[in-house]
Amino acid sequence: MAQMKYFYELTISSSPHAHSSVTTQTIMRDVLIALTPALIGSIYFFGFRALLVTLVSAAACVFFEWGYCRLMKKPVMVYDLSAVVTGVLLAFVCPVTIPYWTIILGDLFAIVLVKQLFGGLGQNFVNPALAGRAFMFSWPVLMNTWVKVGYENAAGLLSSADAVTAATPMAAMHQGVMPEAGVMDLLLGSVGGSLGETSALLLLIGFAYLLYRQVITARIPLAFIGTVAVLTFLFPQGNPRIDWMLCQVLGGGLMLGAVFMATDYVTSPVTKLGQIVFGVGCGVITVLIRYFGGYSEGVSYAILVMNACVVLLDKLGRPVKFGAPKKEAAKK
């Protein structure tokens, strides 16, 4: 009998082999949905200039990403919405009075220098929006002009010259005194500050949505916010200490940074222990800057510093390779 031979064609592809409906676009879409309550709140608190600043920033980020990819003959991926998220977040950490040319320069820095020059999405080692904000402090007066809440005090769509300015609660606490605004004002957002960070309640609604959609986990935000709460409760600069702690937690950019920026997939650790240490580190640096720095807010710089430590932090809690020798497993 003739020997029969069977030939099979085996196609081998790289991992992962699991199929999922989750894409970069769906993740970024969920982030934008989670940011929507805070955007609506900013329009209510500061007028329609808040919406226009946000739209200009998002459009500029998309344009710069599209232009860079076309110039460098790279695939244009603006439809993944990552540039839109960067633009919205950068607008959220700026005062509503920021001139349009300033935020456009910040968008250019964030997209081209921080994101694209390092290889594009997934290759940047710091958060682009926060890096853009740090660059924009080249104009400190423009970045520290805060408007009182209310349409009667709002900045105009084209000019902010008529806006009624006021100090923020963080500026008062930086001087070691309790802010005039109460805890409920900080929770609801009827205080001065950056256009997307004033209402802790609206940001917490976005946080709940991201948890429900399983876009993020609670480890980094809870470690970040919890560390700030513990340190400011143990070492208050104002009385009563519980009110001081609540004002530190609800005021400034802590909620926005902890929920939407410290949890960035690219610039945060992937291991569980690394994420906890990352959040604790952000909290410690934030309190140190708020208490001893020359600037009243420390969230953005705390996150940027910890972004630079992610490679090291990812070695914490790293699982042992399957089948590794016992000696290697013991070292881990």
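Here are some questions and answers on a helix pair, a pocket and the cavities in this predicted model.

Q: At roughly what angle do the axes of helix 13 and helix 14 cross?
A: Helix 13 covers residues 272-292, and helix 14 covers residues 299-307. Their axes come within 8 Å, and the crossing angle is roughly 140 degrees.

Q: Is helix 13 antiparallel or oblique to helix 14?
A: The axes cross at roughly 140 degrees. To count as roughly antiparallel, an angle has to be over 145. So helix 13 sits relative to helix 14 as oblique.

Q: How much space lies in the largest pocket?
A: The lining of this pocket runs to 24 residues, with M28, L121, D264, Y265 and V266 nearest the centre. Helix 1 (24-46), helix 3 (82-92), helix 5 (128-136) and helix 12 (254-261) each give two or more residues to that lining. By class, the lining splits into 15 nonpolar, 7 polar and 2 charged residues. The space in the largest pocket is about 460 Å³.

Q: Which helix gives the largest share of the lining of the largest cavity?
A: This cavity holds about 80 Å³, and its lining is V93, L130, R133, E197, G253, L256, G257, M261, E297, V299 and S300. With 3 residues, the largest share comes from helix 12.

Q: How many charged residues are in the lining of the largest cavity?
A: Among the residues lining it are R133, E197 and E297. Arg and Glu belong to the charged class. Alongside 5 nonpolar and 3 polar residues, the number of charged ones is 3.

Q: How many polar residues line the second largest cavity?
A: About 30 Å³ of space lies in this cavity, and its lining consists of A38, G41, S42, F45, L195, G196, E197, T198 and S199. Gly counts as polar here. With 3 nonpolar and 1 charged in the lining, the polar count is 5.

Definitions and conventions: Residues are numbered from 1 along each chain as its sequence is written. This is a predicted model: local features need pLDDT of at least 70, side-chain atom pairs count only at pLDDT 80 or more; totals for chains, interfaces and linings use all residues. Side-chain values use heavy atoms; hydrogens and water are left out. Axes are lines fitted to C-alpha atoms, for helices over the stretch in contact, and angles run from 0 to 180 degrees between N-to-C directions. Helices (H or I, at least four residues) and strands (E, at least two) are DSSP runs, numbered from the N terminus. Angles under 35 degrees count as roughly parallel, over 145 as roughly antiparallel, 65 to 115 as roughly perpendicular and the rest as oblique. On a 1 Å grid over the protein atoms alone, a cavity is a set of points where a 1.4 Å probe fits but cannot get out, and a pocket is an open set with protein on both sides within 12 Å along at least five of seven lines; lining residues have an atom within 4 Å of a point. Grid points are joined across faces, edges and corners, and a volume is the space filled by probe spheres set on the points.
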